[in-house]
Amino acid sequence: MSAAAKAKKKARAAAPEEFWNLRLYVAGHSAKCVAAVRNLNAFCETHLAGRYRIEVIDLLENPKLARDDQILAIPTLVRKVPEPLRKIVGDLSSSERMLVGFDLRQASP
Amino acid sequence: MAKNGNGKGSMAKLAKAPTGIQGLDEITGGGLPLGRPSLVCGAAGCGKTLFATEFLVRGAVEHGDPGVFIAFEETAEELTANVRSLGFDLDKLVAQQKLLIDHIVLDSAQIEENGEFDLDGLFIRLGYAIDSIGAKRVVLDTIETLFSGFANQAILRAELRRLFRWLKDKGVTAVITAERGDGTLTRQGLEEYVSDCVILLDHRVTEQVTTRRLRVVKYRGTAHGTNEYPFLIDEDGFSVLPVTSTGLGHKASDERFSTGIARLDAMLGGKGLYRGSSILVSGTAGTGKSSISAHLARESCARGERCLYFAFEESESQIVRNMASIGIDLHQWIKKGLLRFVPGRPTANGLEMHLALMHRQIRQFQPRLVVVDPISNLAQAGTLHDATAMMMRLIDLLKTDQITAVLTSLTKGGEQREETEIGISSLIDTWLLLRTIELGGERNRGLYVIKSRGMAHSNQVREFLLTSRGIELLDVYVGPEGVLTGSMRTAQELRERAAEEERARDADSRRRSAERRRRTIEAQIAALQGELEDEADAERRVVASERTRLARRDEDRSEMARSRQADAPKPANGRGGARAGARN
């Protein structure tokens, strides 16, 4: 990674005003899905308080969306904004891994 | 237990979904197991995707079964473009709601795993796709891609097991493709999950020639062909060639036809060859194998029956030209569409491909006579063993369809071996052996009927001449010096004729001298007869003159007595005697 890109990334991660748009794909109310919703809410409150929006999509109700967003695994969390696009699958039980996955480690030392 | 794939009306008989793939339905006794997943595995580039696509396309077009194609590797556009050359119009099928292509993108760089998950998303997608067009057939190509997308293999395996069960419950006939693994059928051991039907595709290179093969590894509840069957992919798609499955159940025909060479017909029991029999014409180079084949081809066309000529040595125009030189006009039959040449180099394809192409040509052209000139070259396209197996299947195929096969075989070397290189002599019904008979500084052609099943055939050798009016068979000279042919035969004939003339002249002269002798004797007889008559004459004259003399003497005596006035009457004799003595 170039120095410039590194600097940019740092700047973005540090930017406190960046708004997060998150989508969580679930299928019904299985234990995994319920856990994922709970874990995601807790995570966002802790790390992204006030600058996030969570959209929970139940594929059982909207099966067509599975194709549009290339969803295979359930639950899948998709971050569209900020870029780059990120997908995290699973019940999000480890907030440490969430931080790594979303490049947030540097923002919250 | 109840492996009665061929049995009829059995309760245990498995319902099947015909694939529409040429030949595969024959091997599997009807197609893939209906409503169950089947696994198609093979190495890269062996035709898995095409197999799967054709399964869907044929299902949609020929059986009205809508299908879903879940593509893990190619986009819908790529897939459509790839099979367009095979005449499959996926866009049209998609527009008709007969096909749905869903491309699943898996980018492991984008995906992070965190905790427990399942593949409900895939199930939902699949379920949605199936339900939206009422699909009866599903293809997952290649589902193993999932293993590179997710790190948690334990979850993945459990989910795959669940997926295949789910597919079964859905009642769709599914084809799941998988890469071949090292020492296993599939890299990820998918055969553990899909156990109803496993088909292995293979792509082998032997001596630089590629052959594709298909094998049904497993088919639960069905008796299936277990051999490796060659298949090919060409402009008509996928075709499997279950040629060995024909067995020996073919019907033998009693119909006979002429070879076009009258004396050859005479050698073959006077009626010629059986329809649907296999005829081998073997011989060394230049013995006239092609000429005999051309005769048979012409004769077939003249009867109005189509003939297919596979030429592995000469081009069509070369054969036509050469045969014209011996008075066989093949061109007219080509124009009339009764004769078709299929030229090709034996090395251009693998044997299986050759067989497949021949099979196709035969199916298309529907000939009554097939000429393969020569079969010996085919051994170059593979091993001898393969070539034999291939010929066996070709002959089986032709016999089943009651097509007469004329196969020529080049025997190598100076030896006149009574066997073919390719080792199929036992499969042959009528075997004509052409030999060159080398004698007196010449090579001449001789023809033998080595065998001819089902007819009383001649055991004699015939000299075989290529004239401007075609083939002529002549008797050879069999004498104390052995069999003579060519100019030796001609010379022998001349010698015999000369001797005959000599004998004729000789007899004539003997006859003439005998006649001369007879005439001489006759002349002698005539001369003697003359002498005899002369003698008799002389004798008569002597007798007559003596009588006259005696009469005169008596007269004289009595005259004298009268004149002497002797004692009268004296006996005439006494007087006469005295007087006669005095006069002498």
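This is a predicted model: local features need pLDDT of at least 70, side-chain atom pairs count only at pLDDT 80 or more; totals for chains, interfaces and linings use all residues.
**The α12–α13 pair in chain B**

- Helix α12 of chain B covers residues 351–365 and helix α13 of chain B covers residues 384–400; they pack at an angle of about 15°, with axes 10 Å apart.
- Because angles under 35 degrees count as roughly parallel, α12(B) is roughly parallel to α13(B).
- On the α12(B) side, the residues that meet α13(B) are B:Leu351, B:Leu355, B:Met358 and B:His359.
- Their counterparts in α13(B) include B:Met390, B:Arg393, B:Leu394 and B:Leu397.
- By residue class, the contact of α12(B) with α13(B) divides into 7 nonpolar, 1 polar and 2 charged residues.

**Where chain A meets chain B**

- Chain A brings 29 residues to the contact, and chain B brings 20 residues.
- Three elements of chain A, namely α3 (64–68), β4 (86–89) and α4 (95–101), each supply at least two residues of the side that touches chain B.
- The largest share of that side, 4 residues, comes from β4(A).
- The side of chain A that touches chain B is made up of 16 nonpolar, 6 polar and 7 charged residues.

**Layout of chain A**

- Chain A holds 4 helices and 4 strands, in the order α-β-α-β-α-β-β-α from the N terminus.
- Of the 109 residues in chain A, 28% are buried.
- Among contacts in chain A with a separation of 6 or more, 67% are between residues 24 or more positions apart.

**Backbone details in chain B**

- Most residues other than glycine have a negative phi, and most peptide bonds are trans.
- B:Asp141 and B:Thr142 are joined by a cis peptide bond with omega about -15°; B:Thr142 sits in the loop between β7 (137–141) and α6 (145–149) of chain B.
- A cis bond also runs from B:Asp373 to B:Pro374, with omega near -10°, and B:Pro374 lies in the loop between β18 (369–373) and α13 of chain B.
- B:Gln97, in the loop between α4 (90–95) and β5 (99–103) of chain B, has a positive phi near 65°.
- B:Gln402 has a positive phi of about 60° and is found in the loop between α13 and β19 (404–410) of chain B.
- B:Gln97 counts as partly exposed because it has 13 C-beta neighbours inside 10 Å; B:Gln402, with 15 other C-beta atoms within 10 Å, is partly exposed.

Conventions
Residues are numbered from 1 along each chain as its sequence is written. Chains are lettered from A and ligands numbered from 1 in the order in which they are written. Axes are lines fitted to C-alpha atoms, for helices over the stretch in contact, and angles run from 0 to 180 degrees between N-to-C directions. Angles under 35 degrees count as roughly parallel, over 145 as roughly antiparallel, 65 to 115 as roughly perpendicular and the rest as oblique. Two residues are in contact if their C-beta atoms, placed from the backbone, lie within 7 Å. Ala, Val, Leu, Ile, Met, Phe, Trp, Tyr, Cys and Pro count as nonpolar, Asp, Glu, Lys and Arg as charged, and the others, Gly among them, as polar. A residue is buried if 20 or more other C-beta atoms lie within 10 Å of its own, exposed if 12 or fewer, and partly exposed in between; C-beta atoms are placed from the backbone.
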